[in-house]
Amino acid sequence: MLTLTNKQARQFILLKHGLLGAHKFIGKQGALEFVRQAGCIQFDPVDSCGKNAELTLQSRVKNFTKQTLSELLYTDRSLVDFPDKNLSIFPTEDWPYFQRYRQAAKDGGRNFPELEELEKQAIEYIRINGAVSSDDLPMQGSIHWHSSIHWSGVWNGNTNAARAVLEQLYSTGVLIIHHKNGSRKYYDLADKYLPAQLLDSPDPLPDDFAHKKWRVLRRIGAVGLLWNRPSDAWLNIWDMKSPERIQIFKELLSEGKILAVQVEGISAELYYRAEDHPLLETVLENRDYKPRCEFLAPLDCFLWDRKLIKALFGFEYSWEIYTPAPKRKYGFYVLPILYGDRFAGRIEAVCQSKTNVLLVKNIWYEDGVRQTKKLLSEIDKTLKRFARFNQCGSIQFETPECRKLS
């Protein structure tokens, strides 16, 4: 088994993500390549300075714009909105692997007899009129409803009938998201946009254990290095308990699909996909890489296992969006600042769309990080690029600490 220094492990995972050295992901094709590598990127509707999926891609993909992701989703249909690790975006070709989730939604819907007739009405209306949001669908009243599968949103009690029906048809795969306007979703019939052979394709992995094994391997590839421990990286792999996860790792190892590595200072073995071994060999050459400064998304796949990030980088990150304001240590929507192979700090920036101003509310530097001219210059460059990404024409600073950059 190879033993890596902490620095080598950091470099490996960062190079895998395209976050160190020269950009490996460029333009629309690069964005698609990264999502394929990760399996999925998480979607979250909150837009303080870009939505989570957009933030994930802007940190890695050279020349990425928000329109790039929109085109991949709603023009090219190379990517699709559908739950994977909670709400997610993944390659459209992976659609058949999630058949069991759509079937679970169909089974759950049978608990609500009133849904069937409403579904027929909604499908007929959409087939005639095209994409609709819950506000557009002429369906009055409410029904007693809770989502039949937990990752599509949970409601208990009486719920707007239009919203419930659209969500159910989306969860079963009859509808897909046609486009979004802000946080509002517009749905249309899946068979108008996805090829029949894809929609009709059977589940490639009907056996539950084989499916979970595929999901675990995919998540290891998404993060780069993972340990065989309970982790948020396994979220929404249904009913996977520790004994089953341990058996999955054992089989993936014996099949040569993953390899183990020891990292100094970490007692647990870490695992990576065998296909990434050439990258690890490159890291063992101890090359120097030009440092990049990037602002990372709160739900970035690189950060899916926060305990591992703390062990490797000494960086402790908590997304405080749901923390009551008086209890927040930092802020509502704070992004980690990566510089080279270390975290330099974190930043809270808000896009003020009415004035096209990016307001930097604060920057917090990590203990021991020297605020050198080089670091401040790189953060300044990244901030200007980040403002362009958010279509902001100017940057304003709310605190004296931030004004060091101006």
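Modeller: Let us start with His211, which lies in helix H9, residues 208-223. Please keep in mind that this is a predicted model.

Colleague: Is His211 buried or exposed?

Modeller: His211 is buried, because its relative accessible area is 3% and the cut-off for buried is under 20%.

Colleague: And which residues does His211 touch?

Modeller: Leaving out residues up to four places away in sequence, His211 touches Tyr97, Arg100, Tyr101 and Leu205.

Colleague: Let me change topic to Glu378. Where does Glu378 lie?

Modeller: Glu378 lies in helix H13, which covers residues 373-389. Glu378 has a relative accessible area of 12%, so this residue is buried.

Colleague: What is Glu378 in contact with?

Modeller: When neighbours within four places in sequence are set aside, Glu378 is in contact with Cys293 and Tyr339. For Trp304, the C-alpha atom is separated from that of Glu378 by 26 Å, and the two residues are 74 residues apart along the chain.

Colleague: Now for empty space. How does one look for that?

Modeller: Rolling a probe the size of a water molecule over the atoms shows where empty space is left.

Colleague: How many cavities of 30 Å³ or more are there?

Modeller: The count comes to one cavity of 30 Å³ or more. The largest cavity has a volume of about 50 Å³.

Colleague: Which elements give two or more residues to the lining of the largest cavity?

Modeller: They are helix H4 (66-74), strand S5 (79-81) and strand S9 (175-181). The largest share of the lining, three residues, comes from S5. Among the lining residues are Leu73, Tyr74, Leu79, Val80, Asp81, Ile176 and Ile177.

Colleague: What is the lining like by class?

Modeller: The lining of the largest cavity has seven nonpolar, one polar and two charged residues.

Colleague: Which residues of H4 are buried?

Modeller: In H4, the residues Thr68, Leu69, Leu72, Leu73 and Tyr74 are buried. Two of these names, Leu73 and Tyr74, also belong to the lining of the largest cavity.

Colleague: What do the buried residues of H4 pack against?

Modeller: They pack against helix H2 (27-38), helix H3 (52-58), S5, strand S6 (88-91) and S9.

Colleague: You mentioned S5 and S6. Which residue in the loop between S5 and S6 is worth a look?

Modeller: Asn86 is in that loop. Asn86 has a positive phi of about 60° although this residue is not a glycine. Most residues other than glycine have a negative phi.

Colleague: Where else is there a positive phi in a residue other than glycine?

Modeller: Asn356 has a phi near 55°, and Asn356 lies in the loop between strand S16 (342-352) and strand S17 (357-365).

Colleague: Finally, the whole chain. How many helices and strands are there?

Modeller: The protein chain has 13 helices and 18 strands. Its radius of gyration is 22 Å, close to the 22 Å that the globule rule gives for 406 residues, so the chain is as compact as a globular protein of that length. Of the 406 residues, 55% count as buried.

Colleague: And what does the C-alpha trace span?

Modeller: Along its principal axes, the C-alpha trace spans about 65 × 60 × 40 Å.

Note on methods: Residues are numbered from 1 along each chain as its sequence is written. This is a predicted model: local features need pLDDT of at least 70, side-chain atom pairs count only at pLDDT 80 or more; totals for chains, interfaces and linings use all residues. Side-chain values use heavy atoms; hydrogens and water are left out. On a 1 Å grid over the protein atoms alone, a cavity is a set of points where a 1.4 Å probe fits but cannot get out, and a pocket is an open set with protein on both sides within 12 Å along at least five of seven lines; lining residues have an atom within 4 Å of a point. Grid points are joined across faces, edges and corners, and a volume is the space filled by probe spheres set on the points. Helices (H or I, at least four residues) and strands (E, at least two) are DSSP runs, numbered from the N terminus. Ala, Val, Leu, Ile, Met, Phe, Trp, Tyr, Cys and Pro count as nonpolar, Asp, Glu, Lys and Arg as charged, and the others, Gly among them, as polar. Buried means under 20% relative accessible area, exposed over 50%, partly exposed in between (1.4 Å probe, protein chains only). Contact means heavy atoms within 4.5 Å. The radius of gyration is taken over C-alpha atoms; the globule rule is 2.2 Å times the number of residues to the power 0.38.
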